[in-house]
Amino acid sequence: MGEEKTIRIDPVTRLEGHGALTIKLGKDNKVKDIQYNVGSTRFFEKFLTGRPMEEAPRIAPRICGICPIPHHLASVKAVEAAWDVTPPPAAVKLRRLMIEAKQLSSHAIHFYALAAPDFVFGPFADPAVRNVAAVLKHLPDVTVQAIKIMQFGQELIRDVGAKAIHPVTAIPGGMLNALTEEDRDKWLKQIPELFENVNKTVELAKTVVNAYIDVITKLAVTPTYYIGLTNNGVLDIYEGNVRVMGPDGKVVADFEPKDYTKYYGEHIPDHSYATHIYYKPAGYPDGIWRANTLARCNVAEKMATPLAQEALKEMRDLVGRPSHHTFVYHYARIVELVQAAEWIKILLEDPLIVSDDIKLTDVEPKAGDGVGIVEAPRGTLLHNYTSDEEGMLVHANLIVATNNNIAGIEKSLMTAAKQIFEDKALDSLKLPDPLVKT
Amino acid sequence: MAKRIALAQLSSCWGCDQSLVDLHLGLLDVLPKLDIVFWPTVVDYKLADLEALPNRSVHIGMVEGSCRTKEDLHLLKVMREKCKTLVAWGSCSIFGGVQGLANQWDLKELLERKFIQAETVTDPRIPDENMPGFTEHITPNPQIVECDVLLPGCPPTSENTLDALTALLTNKPFDLPTKTVCDQCPMERKEKHIKKFKRNYEGNIEAGKCILDQGYLCLGFATMGLCGAQCPSVTTPCKGCFGPTPIMSDHGAKIISALGAVAEMEPEELKGSFPDPIGSFYFTDYAASYLSKMRGKERGQEH
């Protein structure tokens, strides 16, 4: 008989944010409890109040330095919804260009810098080498292709948003800064190289998926609800309705952002400052949903662009729909990376992208309530603001992307922990030889 | 010989990290010069690994974010112990950052808003199991431990971070400029006749001309010139995210007095133009301001 023990992993690494993991094991290695402890929050909901509401889009990006663009845009959309403002079409195209560029760079950094070290060196490699600095040392060509994708995304954001991190150009009624023809041409010239690097990434992802297929299809497979934005059923990260799919694959809700309080429940755990968002009609914990790449690929009928659709089809042929395979998040990330690259090309080729007609000049603040939703790389992001007659922000509710995943992460950790500690899954799972032996 | 470096994130957005990563191919030159002993975002060393290092054994420590939790305070103090040169990295670290605006409220009000009153919450409680607990208010890191190098910005540009790292790697000083964003800004400035301040969605900001001259609150004149005037260069008002220059004693006081001097407005009218002076004049540095300190004293709080 073993002793009861607690395993604490602090911090969870290769993660943006403050996470720690607590695993409580009983005698005979029975998993008694899993806690995903998120140990920080900064109270944006409170200190956004009292500001002129048009300032929120400049404050909100500071919620996340990796995904400031979705915050900038969800925020400006919330203000516009509250003030009944519709920005000109060319401004919407610039905003979409910015968020697709972010999707591109964020998905690349996640795949190459956060996830790849596990697959390249194998999950049991020395922690000292299981990181992107070691990838750089052993696979310089792969690193360069990763950096080039990230650079494309980040520098394109800068040309549209003035700053790649915490952009400032989206304001209620449009955009403050047009894209010049010169800049547009500069980016168009780089499109072939971008697609070359994206294709190499797809190939690498498929190699990894095939090599680890036993792990992917057996470990941490966790049925949950899924949430994501779709535009008439097509995967869209800038606008559309919110769709919720049940664990059985049936769509249980498809609603406009303004109706979110009917569907969003927020469970406050005793062991995490990041709250657990769930599908309210099903209650907690039954209604735990997950967001992010796999969720979006589950709820959407199809992708918006041809190459991405091909990639999605290939993924579904392998894992089905809905896929409850936690590790398939990585694969879905690459499917979305392809869509982001294709959207960028479409937008750059659109003559309206260099239009000067990007800002209304007659925006009037008023008392109102507005909800802005976009997809951040890590999931459905919601800003809800209320203003008074002067346009001062008097109330804010924020459901940030990651909080849609916290309960789901915990649930899949529980599944994995039971497999590993109780069923000794590591003895039977087939692992490939590491790509690089250290 | 590579220098040992630790990069720690207190409560923050991780934008300073992203800014470092945004050196892109420049990383290929920088990374080999660094022996990373702690950087949770990128490498798998744990807090216990950092705590186990001998004191003063790490050449460079970069601390991003501010102390919103007691765990942040602990990590900041460990970083100070372990590192020879400690860099307060970014405006959060130096001034408290945007989350310093929360110092306008008591911690109890912040907790209630987030965990009890939010309209989506279905089972209100304040999380307390395996949780670090919060600090009563945000105190800038240099007021908690000695910081050897200050690098402001929200975030600092990639070039700023590279300049600071290069100076540290080659044992050269890294000094902050006394010049302002206006000194770096290409917009044409004329004599100011500001009769009304406009909100940023009103009208059109004309390219090529000083944004403040046009009656929009652009804080370039009161903000440290390190960013290359990246916002005003593309007709977007400066919000002051790099904080004041080292020679300004109080950011807000400097802004108010300067605006009073250039606006052709009655004092009451000028005051009425800025219904949120704290958010407008202390975007990332309210926690470092005299006003915030006074409020903290009223509450009898220590960090």
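In the predicted model, chain B carries 32 positive and 39 negative side chains. The centres of these two sets of charges are separated by 3 Å. The accessible surface of the chain amounts to about 12,100 Å², and carbon and sulfur atoms account for 53% of this area.

The fold of chain B comprises 12 helices and 6 strands. Its C-alpha trace extends over about 60 × 50 × 35 Å along the principal axes. Of the 303 residues in chain B, 60% are buried. When contacts between residues at least 6 apart in sequence are considered, 74% of them connect residues at least 24 apart.

Helix 12 of chain A comprises residues 403-422. Over its 20 residues, the distance from the first C-alpha to the last is 29 Å, close to the 28 Å expected at 1.5 Å a residue. An α-helix has 3.6 residues a turn, so residues three or four places apart point the same way. After helix 12 comes A:K424, with a positive phi near 50°.

Most residues other than glycine have a negative phi, and most peptide bonds are trans. In chain A, the peptide bond between A:Y284 and A:P285 is cis, with omega about 5°. A:P285 is located in the loop that links strand 11 (276-279) to strand 12 (289-290). A cis peptide bond also connects A:R321 to A:P322, where omega is near 0°. The loop containing A:P322 runs between helix 10 (306-319) and helix 11 (328-348) of chain A.

Positive phi values occur at non-glycine residues in each chain. A:F43, with phi about 70°, belongs to the loop between strand 3 (31-38) and helix 1 (44-47) of chain A. Because its relative accessibility is 1%, A:F43 counts as buried, the cut-off being under 20%. In chain B, phi of B:R56 is near 55°, and this residue lies in the loop between helix 3 (47-51) and strand 3 (58-64). The relative accessible area of B:R56 is 44%, and B:R56 is therefore partly exposed.

Definitions and conventions. Residues are numbered from 1 along each chain as its sequence is written. Chains are lettered from A and ligands numbered from 1 in the order in which they are written. This is a predicted model: local features need pLDDT of at least 70, side-chain atom pairs count only at pLDDT 80 or more; totals for chains, interfaces and linings use all residues. Side-chain values use heavy atoms; hydrogens and water are left out. Helices (H or I, at least four residues) and strands (E, at least two) are DSSP runs, numbered from the N terminus. Buried means under 20% relative accessible area, exposed over 50%, partly exposed in between (1.4 Å probe, protein chains only). Contact means heavy atoms within 4.5 Å. Accessible areas come from the Shrake-Rupley method with a 1.4 Å probe; for residues, only the protein chains shown count as cover. Lys and Arg count as positive and Asp and Glu as negative; His and the chain ends are not counted. The place of a charge is taken as NZ of Lys, CZ of Arg, CG of Asp or CD of Glu. The expected span of a helix is 1.5 Å times one less than its number of residues.
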